[in-house]
Amino acid sequence: MVTSFTPRLLHDAAAPPSEPQAIVEAFLAALTVPDVGTAVDLLDERVAYTNVGLPTIHGRRGVTRVLAGLERPGVGFEVYLHAIAAEGQVVLTERTDVLRLGPVRLQFWVTGRFDVPAGKITLWRDSFDYLDVLRSLSRGIVGAAIPALRPKAPSSADVAPGRH
């Protein structure tokens with residue numbers, strides 16, 4: 001049986017992360033629980049959150065409203081890191097993101113940039129292919145009707161992001 005991999009934390013969970021890469025990993029991991037409060041604590045008050053091609057959300061309050069949806073019954077989020085790199089305060093990720101809406105599983109490739117000066121995320125910018133998201137929606141709907149066709153979580157970091 002193939003198992004999936006999960007984001008790793010590079011710090012002691014009892015201590016707040018301080019390095020930019022550890023902060024980003026802790027942020028993403030908190031969203032998967034979901035622990036929106038912990039995730040939001042890692043954001044700067046003036047954070048800018050952008051899904052490229054959509055309007056930017058400015059400020060911690062606005063991002064909190066978006067993330068609060070993860071705490072609704074039947075909604076979930078998973079993230080699978082394929083690659084992560086940090087240089088100074090900038091962290092880049094290549095990952096598979098999963099949005100679960102009841103029995104529908106949307107699973108698609110995402111690249112992200114996080115700017116983390118002074119221990120807080122000030123920029124969270126994700127890019128994805130809209131055709132890939134549309135394809136994941138189609139597959140998710142079919143998978144909801146026929147569970148055997150539901151997309152599976154990636155089994156390792158070597159699996160191509162988004163396509164499983």
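The model is predicted. Its largest pocket has a volume of about 430 Å³, and its largest nonpolar core has 26 residues.

**The largest pocket**
- The lining of this pocket is made up of 23 residues, and Tyr-49, Asn-51, Val-66, Phe-77 and Leu-99 lie nearest the centre.
- Two or more lining residues come from each of strand S1 (43–51), helix H3 (60–67), strand S3 (75–87), strand S4 (90–101), strand S5 (104–115) and strand S6 (121–127).
- S4 gives the most to the lining, with five residues.
- By type, the lining holds 16 nonpolar, three polar and four charged residues.

- In soluble globular proteins, nonpolar side chains tend to be buried together.
- In the largest core, the residues with the most contacts inside it are Phe-27, Leu-31, Leu-67, Phe-114, Ile-121 and Trp-124.
- Helix H1 (20–32), H2, S1, H3, S3 and S6 each give two or more residues to this core.
- H1 gives the most, with seven residues.
- Another core, of five residues, lies apart from the largest one and includes Val-104, Phe-108, Val-110 and Phe-128.
- Beyond four places in sequence, Trp-124 touches residues including Phe-27, Leu-31, Tyr-49, Leu-67 and Phe-114.

**Val-40**
- Val-40 is found in helix H2 (residues 36–41).
- Val-40 counts as buried because its relative accessibility is 8%, and buried means under 20%.
- Leaving aside neighbours within four places in sequence, Val-40 is in contact with Arg-60, Thr-64 and Leu-67.
- Val-40 and Ala-30 are 10 residues apart along the chain, with their C-alpha atoms separated by 9.1 Å.

Technical notes:
Residues are numbered from 1 along each chain as its sequence is written. This is a predicted model: local features need pLDDT of at least 70, side-chain atom pairs count only at pLDDT 80 or more; totals for chains, interfaces and linings use all residues. Side-chain values use heavy atoms; hydrogens and water are left out. On a 1 Å grid over the protein atoms alone, a cavity is a set of points where a 1.4 Å probe fits but cannot get out, and a pocket is an open set with protein on both sides within 12 Å along at least five of seven lines; lining residues have an atom within 4 Å of a point. Grid points are joined across faces, edges and corners, and a volume is the space filled by probe spheres set on the points. Helices (H or I, at least four residues) and strands (E, at least two) are DSSP runs, numbered from the N terminus. Ala, Val, Leu, Ile, Met, Phe, Trp, Tyr, Cys and Pro count as nonpolar, Asp, Glu, Lys and Arg as charged, and the others, Gly among them, as polar. Buried means under 20% relative accessible area, exposed over 50%, partly exposed in between (1.4 Å probe, protein chains only). Contact means heavy atoms within 4.5 Å. A nonpolar core is a set of buried Ala, Val, Leu, Ile, Met, Phe, Trp, Tyr and Cys residues joined through side-chain atoms within 4.5 Å.
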